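Student: I have a new structure to read, and I would like to work through it by asking questions. Could you show it to me?

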Amino acid sequence: MVNGHILQPVQFAFGNERSRPDKLRGLVEFGPYRALDEDPIFGFVFPTEYRDYANRLFLALKNGVGSFKGVESTFRFRLTKDQVFPVTGFSIRGKSPHDAAKLYQEAILNWNAGASNPKPHMFFIIHPQTSASEPDTPYYACKARLLAEGILSQSITAELLADEAKFRWSAANIALGAFVKLGGTPWIVYGKELDQELIIGLGRSYLFDPQSRQTTGYMGFTACFSARGAFQFVALAEVTDDRKKYLKLLENVVANSLKRAEAIGRTVSSVTLHVPKHMSREEMDAVYGAVRNHAKQNILQIVVVKISEEETFFAVDTRFKDGIPHRGTILQINDRDYLLYTEGRDEKESWANFRVPVALRITPQGGARHPGGIKTVIRQINDLSQVNWRGFNARSKPISNYYGELIARLLSHIAAERIKNLPESSLQLLQERMWFI
């Protein structure tokens with residue numbers, strides 16, 4: 001039997017630093033932590049047979065549906081007919097996913113090339129659902145091509161819009177995704193003292209050709225957040241098809257990220273690097289090299305920790321018949337490893353019928369220790385697991401790793417040569433906006 005420790009429930013900060021434990025209620029009552037600078041312009045992209053779905057989406061965003069009361073009440077920005085326009089006039093009836101993808105791309109790029117056409121802040125793309133194993137789909141084709149052009153997009157399937165029950169449940173998450181991509185901050189973890197701590201998540205993407213499915217390059221990247229969950233930046237390494245060169249470029253992107261973290265200001269006291277389980281020994285050596293060679297200025301300590309979903313051990317809380325522990329339960333399972341439940345009996349309805357609650361194995365790396373000790377490192381991971389902007393009921397995984405998975409998946413669908421030749425505006429979007437949500 002092992003004694004456990006339970007972290008205090010996470011509180012979220014909204015407008016004017018007011019706090020609530022409930023995300024949707026906090027947004028409606030206090031407004032977002034940081035609102036948009038201006039009312040956005042949206043383009044709705046859809047084949048002619050999906051026109052009714054486009055109208056349904058617009059009305060749900062504007063007026064609300066179910067428990068979602070619309071973007072003005074929830075996210076504090078206006079949405080009128082004058083702020084939207086359609087991009088349509090094509091049909092995908094009888095088309096393969098590959099051919100449909102090309103039609104979507106052509107419609108958007110032709111519109112964007114028109115000198116007199118309004119330029120939106122973001123496109124909503126309504127497309128058919130396709131198999132996850134399909135290499136070339138309207139979703140990935142549009143997302144990748146638009147990112148290469150420096151254009152944000154939000155995708156919604158026609159099947160979701162056709163299912164009234166599912167759409168009522170999903171509309172708030174669609175609006176949340178758009179708000180975050182446009183630069184808004186819906187909520188962060190409560191507690192100004194946490195601004196002194198930065199988290200950098202590491203990741204890599206294998207770029208591949210969608211037709212041959214052959215790997216065409218490697219690309220390392222980082223994503224930086226405050227310990228409150230506020231997004232800071234994404235840093236992308238150069239693309240290479242050489243493994244040794246990739247390792248050096250990975251070291252460089254970690255080194256550059258540490259420099260950017262230093263530049264955030266003297267308020268930053270510590271940086272914790274969150275490394276996913278799949279990172280190899282060679283990749284870890286590259287990370288250590290960047291940390292070892294970094295000349296500290298404002299940052300007092302740099303700590304490296306590996307995080308993975310636990311598949312071997314599970315905890316049984318003997319105080320309850322079902323044995324399910326509380327969210328925030330911490331167990332030390334050996335000299336180096338800790339087990340953290342970021343989900344638990346507190347919110348069984350979000351996972352009980354689908355899977356087991358998320359449990360993370362946390363393994364500190366190297367000799368450096370966080371000034372606040374291992375409990376501070378684990379508390380950061382738990383906080384970042386709850387602050388997830390992917391959805392109001394998003395899976396409780398630390399955004400430092402979870403967002404990295406989303407970044408890797410999307411980057412893998414952009415051709416290596418296109419990434420190498422991205423214009424400055426596109427690179428800026430990839431590094432300063434949360435395009436991957």
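This is a predicted model: local features need pLDDT of at least 70, side-chain atom pairs count only at pLDDT 80 or more; totals for chains, interfaces and linings use all residues.

Student: How far apart are the end C-alpha atoms of α7, and what span should its residues give?

Tutor: Helix α7 covers residues 164–181, which makes 18 residues. At 1.5 Å a residue, they should span 26 Å. The distance in the model agrees with that: the end C-alpha atoms are 25 Å apart.

Student: Is α7 largely enclosed by the rest of the structure or largely open?

Tutor: Look at burial, residue by residue. A residue is buried when its relative accessible area is under 20%. In α7, 13 of the 18 residues are buried, so the helix is largely enclosed.

Student: Which residue just after α7 takes a positive phi, and what is the value?

Tutor: Most residues other than glycine have a negative phi. The residue here is a glycine, G183. Its phi is about 105°.

Student: Is R76 buried, partly exposed or exposed?

Tutor: Buried means under 20% relative accessible area, and exposed means over 50%. R76 has 37%, so it falls in between: partly exposed.

**Cavity and pocket**

Student: How many cavities of 30 Å³ or more does the structure hold, and how much space lies in the largest?

Tutor: The structure holds one cavity of 30 Å³ or more. The space in the largest cavity is about 40 Å³.

Student: Which helix gives the largest share of the lining of the largest cavity?

Tutor: The lining is made of F42, L61, V71, F77, L79, F124, A175, A178 and F179. By class, the lining has nine nonpolar residues, with no polar and no charged ones. The largest share is three residues, and it comes from α7.

Student: What is the volume of the second largest pocket, and which residues lie nearest its centre?

Tutor: The second largest pocket has a volume of about 660 Å³. Its lining holds 28 residues. Those nearest the centre are R34, L182, G183, E432 and R433.

Student: Which element gives the most to the lining of the second largest pocket?

Tutor: Two elements give two or more residues to this lining: β11 (231–236) and α13 (424–432). The contribution that counts the most is four residues, from α13.

Student: Where is G31, and is it buried or exposed?

Tutor: G31 lies in the loop between α1 (23–30) and β4 (42–45). Its relative accessibility is 2%, so G31 counts as buried.

**The whole protein**

Student: How many helices and strands does the protein have, and what is its radius of gyration?

Tutor: The protein has 13 helices and 16 strands. For 437 residues, the globule rule gives 22 Å. The protein is close to that, so it is as compact as a globular protein of that length, with a radius of gyration of 22 Å.

Student: What share of the residues counts as buried, and what box do the C-alpha atoms fill?

Tutor: Of the 437 residues, 56% count as buried. Taken along the principal axes, the box is roughly 65 × 50 × 40 Å.

Notes
Residues are numbered from 1 along each chain as its sequence is written. Side-chain values use heavy atoms; hydrogens and water are left out. On a 1 Å grid over the protein atoms alone, a cavity is a set of points where a 1.4 Å probe fits but cannot get out, and a pocket is an open set with protein on both sides within 12 Å along at least five of seven lines; lining residues have an atom within 4 Å of a point. Grid points are joined across faces, edges and corners, and a volume is the space filled by probe spheres set on the points. The expected span of a helix is 1.5 Å times one less than its number of residues. Buried means under 20% relative accessible area, exposed over 50%, partly exposed in between (1.4 Å probe, protein chains only). Ala, Val, Leu, Ile, Met, Phe, Trp, Tyr, Cys and Pro count as nonpolar, Asp, Glu, Lys and Arg as charged, and the others, Gly among them, as polar. The radius of gyration is taken over C-alpha atoms; the globule rule is 2.2 Å times the number of residues to the power 0.38.
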